[in-house]
Amino acid sequence: MRSKQYGPDVLAEGRRRPGQGRLPRVAAERGLVVEDAAGEFCGAVVWCEKDAVTLEDSRGRRRVFPLRPAAFRLEGKPVRLVRPARPGRPDGPGRGAAAARTASGSIPAPPSRAKVARASRIYVEGRHDAELVEKIWGDDLRDAGVVVEYLEGIDDLPAIVAGFSPGPARRLGVLVDHLVDGSKETRIAAQVRSPHVLIAGHPFIDVWAAVKPSALGIPGWPRVPHGRPWKEGALAALGWAPDTAAAWPRILRSVRSFADLEPEFLGRVEELIDFVTAPGSG
């Protein structure tokens, strides 16, 4: 998610023009990405009250803005955010506009015929990584013709990359868990050297921890003693049933948009998508 810079606010106090009252009214639904009129903050709606809205940017920073007329821009155009209609009440103005967003916050492409998959690919470490990427970026990836595959671990990553035969029109992006100094994953990734391969990693020991605790209603992800399997240790500390197969669907259901994911994970996935869809890549 990139913030665009705009010129002076033509709708600022004292410079308003006739017709301002007819600004589009858009419901401040959770996940809607807007920018303040000054072009200083861009983020997704995470909470809306009677007279204020809370936005969160891609780095996890939050700011509260009053719901004033012409206080926001949507895709560069001035809009008036309004509080969403409550469930059971008639739809309010702009509800359709808020719904017309992918989970990643982008505007969905018009319906079209299925696209031929690109030669370039994105590999992720495990099934849970793949399902999380699909839930948030699936619409965007299908529109771009990018296939995501999971590896079930990266111990054999150098051989897997060699077998893929990357090239200028056949790029490969790899998402790696726990890519931090001194980790096994970092040592393995260092063995791969190709200008046509991008290895991007997040710091979390498991992709579960890329989901914000607030999305799950927990105070935080627990620290698990070294040597104990992380998933099992986390479930025990949280007081959940010791069933990792049942826990993951619960975690995945809690993710509704990119705003529910940690920025360290969001940024790495966006980097990989940009890399494999760059002009000239297959």
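Predicted model: local features only at pLDDT ≥ 70, side-chain atom pairs only at ≥ 80, totals over all residues.
Ala44 has Glu56 of β4 as its bridge partner.

Another open sheet has four strands, in the order β9-β8-β10-β11. Here the pairing is parallel. The edge positions are taken by β9 (147–150) and β11 (197–201). Both edge strands have a single partner strand, so one side of each is left without a neighbour in the sheet. From one strand to the next, the twist averages 20°. Strands β8 (residues 121–124) and β10 (residues 172–176) run parallel, with four bridges between them. Arg121 is paired by a bridge with Leu172 in β10.

The largest nonpolar core has 45 residues. Trp137, Trp208, Leu261 and Phe265 have the most contacts inside it. Strands β3 and β8 each supply at least two residues of this core. So do the helices α2 (127–144), α6 (230–238), α7 (244–253) and α8 (263–276). Helix α8 gives the most, with seven residues. Leu261 illustrates the packing. Leaving aside residues up to four places away in sequence, Leu261 touches Leu132, Ile136, Trp137, Ala210, Val211, Lys212, Val255 and Leu266. A second, separate core has 16 residues. Among them are Ala28, Leu32, Ala71 and Val79.

Thr244 was examined individually. This residue lies in helix α7. Its relative accessible area is 26%; Thr244 therefore counts as partly exposed, since buried means under 20% and exposed means over 50%. Residues up to four places away in sequence aside, Thr244 touches Trp208, Lys231, Glu232 and Leu235. Trp208 is also one of the residues with the most contacts inside the largest nonpolar core. Thr244 and Ala234 are ten residues apart along the chain, and their C-alpha atoms are separated by 9.8 Å.

Definitions and conventions
Residues numbered from 1 in each chain as written. Heavy atoms only, no water. Pairing = 2+ DSSP bridges. Axes fitted to C-alpha atoms, helices over the stretch in contact; angles between N-to-C directions. Core = buried A, V, L, I, M, F, W, Y, C linked by side-chain atoms within 4.5 Å. Buried < 20%, exposed > 50% of the residue type's maximum accessible area, 1.4 Å probe, protein only. Contact = heavy atoms within 4.5 Å.
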